[in-house]
Amino acid sequence: TKLSGFYRAVYYLPSIIGSSVAVAILWKRMFASDGVINGLFGLDIAWLGRSDTAIWTLIILAVWQFGSSMLIFLSGLKQIPVSLYEAATMDGAGGVHKFFKITLPMLTPTIFFNLINQFINCFMAFTQSYIITQGKPRDTTLFYTVYMYQNAFTYNKLGYGCALAWFMILVVGILTLILFKTQNKWVYYGERMKKGYKEKRFAIGVIYHIFTFCFACVMIYPLVWMVLSSFKDTNEIIRTASELIPRHFSLENYRVGWQGFAGYNFGTFFKNSFVIAGLSTIGAVASSAVIGYGFARINFKFKGFWFACMLLSMMLPFQVVMIPQYIIFNKLGWVGSYLPIIVPQWFGQGFFIFLNIQFIKGIPMDLDEAARMDGCSTYTIFFRIILPLIKPSLVTSAIFSFMWRWDDFLAALLYLS
């Protein structure tokens, strides 16, 4: 429909800002005892202070940021061929029957990918618990990564922290292996599909727009509230948490922010973030493209072994290696500088390497062979042929890398504090 692009943008917006400190602070304010949720619905619930509700606030936050998975599902839906739906229509199948007999089975590879991705992300969750609840009340929101961080860096139990990290590897590895072993029983791998088709019905369209628009309002409300609250003073935010529009618009918060305090202002914070995110992104994109080209086009000894190591790095959460990395960087004298955050990005990132490999494998080998006949070297082929043809992969890598580095709270907490 004409509004599909708008709905898609609204639903994806919470995922763009990711699991950042800003989102955690926003969520903490919304679910405070005098916050937005209680004010809107006339409730008096200590959402973050009760054992039976605190964990649900973090679950709702995770569900609210479903945009990335949504786009992956959208891509999978577009790969389902029109011929299957046309044949089902000729056989008298209705919409429900098509969904359960065609759409759902053909989406199982996408469901499996999202399942693995979200499963690993659950073990990597840190910022939400650390900022919003600090693991309270009664440790009901004490995530594994927060517990590991506290023991290793707050209580200085590095050995115990390493033990927790290796146990985490074991658990993630076993559960991931179980998922891969069971996929043959429910995941359907069909041939590559052509783009799909739209079935238009007026009544269904009206219901679709009503439901989708209402849900879009729910998705965008926290962000709109955050923006408009920046025009309120602190007392008004507390008194009128349930009111969206400020009673008195004020630019005082922005004036104070740009004026700064102790010599630091918004400009300083943005500069630091752009330096770290920018240099890290350049390194991650450039190195991952080169490494991906090597795996996709060059034969060398132990290629399978190193490829398996690369895949393993994709599956390991950062928290598993943060303790040995911290010790190494501390020995090098890098702690307290940008180097521990930026330098590792210049040695390739598993997700981007794998993405580039898939793109490069889709480029015909005939182009390489023709270039070699013209006297081109391996390096010339990469820079003159491969690199221009994988621009979509490079742009995707750059966007994700910049977002992830901008939102990276744990690394800054470890190395810069």
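Rings of Phe, Tyr and Trp (its six-membered ring) count as a pair if their centres lie within 6.5 Å; planes under 30 degrees apart are called stacked, over 60 edge-to-face, and the rest tilted. With that in hand, let us walk through the structure. This is a predicted model, in which local features need pLDDT of at least 70 and side-chain atom pairs count only at pLDDT 80 or more, while totals for chains, interfaces and linings use all residues. Residues are numbered from 1 along each chain as its sequence is written, and side-chain values use heavy atoms, with hydrogens and water left out.

The structure holds 33 aromatic pairs. One of them joins F295 and F300: the ring centres are 5.9 Å apart and the planes stand at 50°, so this pair is tilted. F295 is buried, with a relative accessible area of 10%, whereas F300 is partly exposed at 36%. Here buried means under 20% relative accessible area, exposed means over 50%, and partly exposed lies in between (1.4 Å probe, protein chains only). Elsewhere, ring pairs link F126, Y130, Y149, F153, Y326, F329, W334, F409 and Y415 into a cluster.

Next come the charged side chains. Side chains of opposite charge can pair when their charged atoms come close. A salt bridge is a side-chain nitrogen of Lys or Arg within 4 Å of a carboxyl oxygen of Asp or Glu, and the structure holds five of them. In one, R297 and D368 bring their closest N and O atoms to 3.0 Å. This pair links distant parts of the chain, with D368 in helix α19 (residues 365-373) and R297 in helix α14 (residues 266-297), 71 residues apart. Helices are DSSP runs (H or I, at least four residues), numbered from the N terminus. Both D368 and R297 are buried.

R405 and D408 form another salt bridge, with 3.7 Å between the closest N and O atoms. In this pair R405 counts as buried at 18% relative accessibility, while D408 is partly exposed at 24%.

I381 is buried, with a relative accessible area of 0%. Leaving aside residues up to four places away in sequence, I381 touches Y293, D368, A371, R372, C376 and I386, where a contact means heavy atoms within 4.5 Å. I381 and A370 are 11 residues apart in sequence, and their C-alpha atoms are 9.9 Å apart in space.

What does N356 touch, residues up to four places away in sequence not counted? The contacts are S288, A289, G292, I390, S393 and L394. N356 sits in helix α18 (residues 350-361) and is buried at 0% relative accessibility.

Note on methods: Helices (H or I, at least four residues) and strands (E, at least two) are DSSP runs, numbered from the N terminus.
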